[in-house]
Amino acid sequence: MKGTNDEPETRPVREIRINPIVPTESVLVATARGMRPKEAEKRLERDTRTVVETCPFCRGNEERTPPAIAVYPEEQEWEVRIVPNLYPVLGDDSPGTSLSFGLQQVIDGYGRHEVVIDHAHHGIAIHEMSREHLSLLFGIYQQRMADLYASDPRLRYVLVFKNFGPAAGASIAHTHSQIIAMPVVPENVQNEVHHSHLYHRKYNQCVFCSLIDEALTYEATIYDRDSGEVRRKIDVGQYVIERNDHFVAIKPFASRFEWEIHILPLHHEADFLSTPEAHLDALAELFRRTMARLDKVVGGVQYNFFLHSLPHGEEYEGHRQSYHWHLEICPRTSIPTGFELGSGLFVSTVSPEEAARALREADIDADLD
Ligand SMILES: [Zn+2]
Ligand SMILES: [Zn+2]
Ligand SMILES: [Zn+2]
């Protein structure tokens, strides 16, 4: 991705960047041509059909899934349907006979695993869904998370995520996301909770809020040295992809995936469940615009998204000031190498600054109505 004429020539970057949220994680940014040890992941020829006769998730085939847990609205022309996962990674029928022995500690694999058929149209992409629909979907995530937490006090975390494309782990083409309720907190959430707590103890500030402030400040205060006029400059690290009154989409300065984007509430909020319903519309619009940018720049990309929110349970109550919920969007544009999996050091061959610029400059307004 070359800059246009009036931008400074971009020099190849080769540096190890420390994740500001979880300093024990780092990423190697290596952008020089010929320095690309990675194999590109396939772009997906997206199945854009509205209805597929043989698809168990399409309207009219409801009897091919287990009975629905919830249907919105409750009629034949449903918009969103939640069903139990046929192959749950966790189930609530565990007899509870797990034995821990010495260093081999085991927790019963109880929990819940649900599939959210997130649109009736088989092959619709996120950015093609309406703002109203996405707003409904986020409201449904909140509802299900609240219900699941209430259903069993032993549950510590309810993870909402989406796999899109086989490289991202999706086995059914029909657009869907998943909800897994579990008795343990996923390690990456635990790391974020832990390190943001340490940061808060030291600086009396939320590290996520600090990052947002920094990104927005850089955006607002770039002046031309000669004329004194305000102008936007590219090379100082503008990481803001989208923003509105309540949310911001940021390209992390040190992220595992080249095109990774995080969406956060602008005002501090630890738990996604505390986000007022009135803000979900703004979240939906920002999410839709962000996904349209991704589609424009890396079309047909396979991706995951994860919702990271404060875990539940007494031991997490003290983290409300330090943790800040967010949505991580992780496009799979390359296949992780043995080096990355073995070392935990991910390699990014696109500089985050270049990625941010390309995403920000993508012309999406003609595609969104
Ligand atoms: Zn379908
Ligand atoms: Zn915060
Ligand atoms: Zn996170």
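Two strands pair if DSSP finds at least two bridges between them. The exercises below use this rule on a predicted model.

**Exercise 1. What stands opposite Leu-159 in S7, and how many bridges join S6 to S7?**

Step 1. Find Leu-159. Its opposite residue in S7 is Ile-180.

Step 2. Count the bridges. S6 and S7 are joined by 5 bridges. The rule asks for at least two. The two strands run antiparallel.

Step 3. Look at Ile-180 again. Ile-180 in S7 is also the bridge partner of His-113. S5 and S7 are joined by 5 bridges and run antiparallel.

**Exercise 2. Find the order of the strands in the open sheet of 10 strands, and say which strands stand at its edges.**

Step 1. Read across the sheet. The order is S3-S4-S5-S7-S6-S11-S12-S10-S9-S8, and the pairing is antiparallel.

Step 2. Pick out the ends. S3 (70–72) and S8 (240–243) each have a single partner strand, so one side of each has no neighbour in the sheet.

Step 3. S8 is joined to S9 (residues 247–250) by 3 bridges, and the two run antiparallel. Here Arg-243 stands opposite Val-248 in S9.

**Exercise 3. Which strands does helix H1 touch, and what length should H1 span?**

Step 1. List the contacts. H1 (residues 131–151) packs on the sheet and touches S3, S4, S5, S6, S7 and S11.

Step 2. Compare directions. The direction of H1 makes about 140 degrees with that of S6.

Step 3. Work out the span. H1 has 21 residues, and at 1.5 Å a residue they should span 30 Å. The expected span uses one less than the number of residues. The end C-alpha atoms are 30 Å apart, which agrees.

Step 4. Look for burial. Buried residues of H1 include Leu-134, Leu-137, Tyr-141 and Leu-148. An α-helix has 3.6 residues a turn, so residues three or four places apart point the same way.

**Exercise 4. Describe the open sheet formed by 3 strands.**

Step 1. Give the order. It is S1-S2-S13, with mixed pairing.

Step 2. Name the edges. S1 (14–18) and S13 (346–348) each pair on one side only.

Step 3. Neighbouring strands are turned by 25 degrees against each other on average, direction ignored.

Step 4. Take one pair. S1 and S2 (residues 26–30) run antiparallel and are joined by 5 bridges. Ile-16 stands opposite Leu-28 in S2.

**Exercise 5. Is Val-298 buried or exposed?**

Step 1. Locate Val-298. It is in the loop between helix H4 (280–297) and S11.

Step 2. Apply the cut-off. A residue is buried if 20 or more other C-beta atoms lie within 10 Å of its own. Val-298 has 21, so it is buried.

Step 3. Find its contacts. Leaving out residues up to four places away in sequence, Val-298 touches Trp-259, Pro-331 and Thr-333.

Step 4. Look along the chain. Val-298 and Arg-43 are 255 residues apart, yet their C-alpha atoms are separated by 8.4 Å.

**Exercise 6. Which elements have the lowest and highest mean pLDDT?**

Step 1. Take the whole protein. Its mean pLDDT is 87, and 86% of its residues reach 70 or more.

Step 2. Compare elements. Helix H3 (residues 207–220) is lowest at 84, and strand S10 (residues 261–265) is highest at 98.

Step 3. Check the start of the chain. The pLDDT is below 50 over residues 1–9. Where pLDDT is low, the predicted coordinates should not be read in detail.

Terms used. Residues numbered from 1 in each chain as written. Chains lettered and ligands numbered in written order. Predicted model: local features only at pLDDT ≥ 70, side-chain atom pairs only at ≥ 80, totals over all residues. Helix = DSSP H or I, 4+ residues; strand = E, 2+ residues; numbered from the N terminus. Contact = placed C-beta atoms within 7 Å. Axes fitted to C-alpha atoms, helices over the stretch in contact; angles between N-to-C directions. Buried ≥ 20, exposed ≤ 12 C-beta atoms within 10 Å, placed from the backbone. pLDDT = per-residue confidence, 0-100.
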